Amino acid sequence: MIVPVFLTHLGCHDRCIYCNQGYITARNDIDIRRLIERSLPQKEGTYEVGLFGGNIFGLSPDVLKGIFGYFDDYRENITNFRISTKPVPLNEELIDILREQRVTVIELGIPSFNNDILRMLNRKHTAEDLLLAFHTLKDKGFQVALQFMVGLPDETFDDIRETGANMVRLKPHYIRIYPLAVLKETPLHTLYQEKRFVPVEFREVLERALYIYLNALRHDIKVVKMGLTDNEILKERIVAGYYHPAFGYLVKSFGFYRAVLAVAERESMKGDVTVILNKRDVTHLLGHRRDNMKGFEEHGLSISREESDLPIGTFTLINGPRQAEGTIFDAIP
Ligand code: SF4
């Protein structure tokens, strides 16, 4: 079990233009101590603690040591920590503290590998900074995960391909994919109001997320989360962008739709088509509110289904005398 502790904006000396975590930022030692006490379960048994929501690398070594000190009363229950952070500033002393404190996993945020986009987002780091942090932390024995974003201003599909290629090269411990949301009281909100940021179609963002997701699957890189964490405070602050409570499901079902369509088109199938599939893929075939079924009909396919013990993510199409095998990877060329 991972017990999350959200150190909102702690260590963030610069605010990324899309970010407003919507909570009162812990400002002093008492706030942080209370936050930790409130977050940790008062129970027996062991658990991992995840320190999320700020930029741990932005803290001074003394402050970081002080924060870990607040966990002393819970040490016998805590197996290890994981943290999320920007990749800068990289500081050897801080890294040593993380090792001493039994941090085993470090999630690095890298919304894009395009330095122009990173600059516009006010991230205050480059793609090269990420690469340096990634390799340094791996060499120090940490498991390093990556957090990507999709739907960013000025982002093109080439940027997504670049993200996918870097992900495959780096082979992170796991990844998360976050769609961009426009939150109230952020510089991104102003850009949106002034029409200097015009979101692309939701489907286009699904396509971008799908590309990264399938490339991760293909290379045995675990995807632990697609979408933003569903909490009420966040929802209230969303004014535009690509938030959906079931974003991960939408990406997967869009992938299944695209894969079935690609195989049917490749085999020149029309009319009645039976899809044989694992029962856990049925919802992926149907799509959100049966959107996929409507899409199939628009492409001249009348789909029925038959459940089988085929592996998840694979399927067989039967169209009269024709039969063809497919997998979710048929969704992307
Ligand atoms: S996205 Fe992360 S690093 Fe950027 S302001 Fe928000 S919490 Fe800080």
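This is a predicted model: local features need pLDDT of at least 70, side-chain atom pairs count only at pLDDT 80 or more; totals for chains, interfaces and linings use all residues.
Let me start at one residue, L51, which touches V5, L7, I56, F68, F71, F81, R82, I83 and S84, leaving aside residues up to four places away in sequence. L51 lies in strand β2. Its relative accessible area is 1%, so L51 is buried, the cut-off being under 20%. One of the residues it touches is V5. L51 and V5 are 46 residues apart in sequence, yet 5.1 Å apart in space, C-alpha to C-alpha.

V5 belongs to β1, so let me turn to that strand. β1 runs parallel to strand β2, residues 47-52, and five bridges join them. F6 has F52 as its bridge partner in β2.

Now the whole sheet. How many strands does this open sheet have, and in what order? There are seven, in the order β1-β2-β3-β4-β5-β6-β8, with parallel pairing. The edge strands are β1, residues 2-6, and β8, residues 222-226, and each of these pairs on one side only. From one strand to the next, the twist averages 20°.

Further along the sheet, strand β5, residues 143-150, pairs with strand β6, residues 174-179, in the parallel sense over five bridges. Within that pair, Q147 stands opposite R176 in β6. Helix α8, residues 202-218, packs on the sheet and touches β5, β6 and β8. The direction of α8 makes about 180° with that of β6.

In general, nonpolar side chains in soluble globular proteins tend to be buried together. Here the largest nonpolar core has 103 residues, and L51, where I began, is among those with the most contacts inside it, along with F71, L98 and L108. Which helix gives the most to this core? That is α10, residues 247-266, with 11 residues. Domain 1 (2-245) and domain 2 (264-331) both give residues to the core, so it lies between them.

L98 is another of the residues with the most contacts in that core. It touches I56, F57, L64, F68, I83, V103, I106 and F142, again leaving aside residues up to four places away in sequence. Apart from this core lies another, of six residues, including A181, L183, L228 and I238.

On to the two domains. The chain is divided into domain 1, residues 2-245, and domain 2, residues 264-331. Their centres, taken over C-alpha atoms, are separated by 36 Å. Five residues from domain 1 and four residues from domain 2 make the contact. The area buried between the domains is about 410 Å², and carbon and sulfur atoms give 77% of that. On the domain 1 side, L214, R218 and H244 lose the most area to domain 2, together 73% of what that side buries.

Strand β12, residues 314-319, and strand β13, residues 322-327, run antiparallel and are joined by six bridges. T314 stands opposite T327 in β13. The two strands form a hairpin with two residues between them, and G320 in the turn has a positive phi of about 60°.

Last, some backbone details. Most residues other than glycine have a negative phi, and most peptide bonds are trans. Where does the model depart from that? The peptide bond from V88 to P89 is cis, with omega near -10°. P89 sits in the loop between β3 (78-85) and α3 (92-100).

D220 is in the loop between α8 and β8, and R289 is in the loop between α11 (282-286) and α12 (291-298). Are they buried or exposed? D220 has 68% relative accessibility, so it counts as exposed. R289, at 67%, counts as exposed too.

Methods. Residues are numbered from 1 along each chain as its sequence is written. Side-chain values use heavy atoms; hydrogens and water are left out. A nonpolar core is a set of buried Ala, Val, Leu, Ile, Met, Phe, Trp, Tyr and Cys residues joined through side-chain atoms within 4.5 Å. Buried means under 20% relative accessible area, exposed over 50%, partly exposed in between (1.4 Å probe, protein chains only). Helices (H or I, at least four residues) and strands (E, at least two) are DSSP runs, numbered from the N terminus. Domain bounds come from an automatic or database domain assignment. Contact means heavy atoms within 4.5 Å. Two strands pair if DSSP finds at least two bridges between them. Axes are lines fitted to C-alpha atoms, for helices over the stretch in contact, and angles run from 0 to 180 degrees between N-to-C directions. Buried area is the accessible area (1.4 Å probe) that two parts lose on being put together, summed over both.
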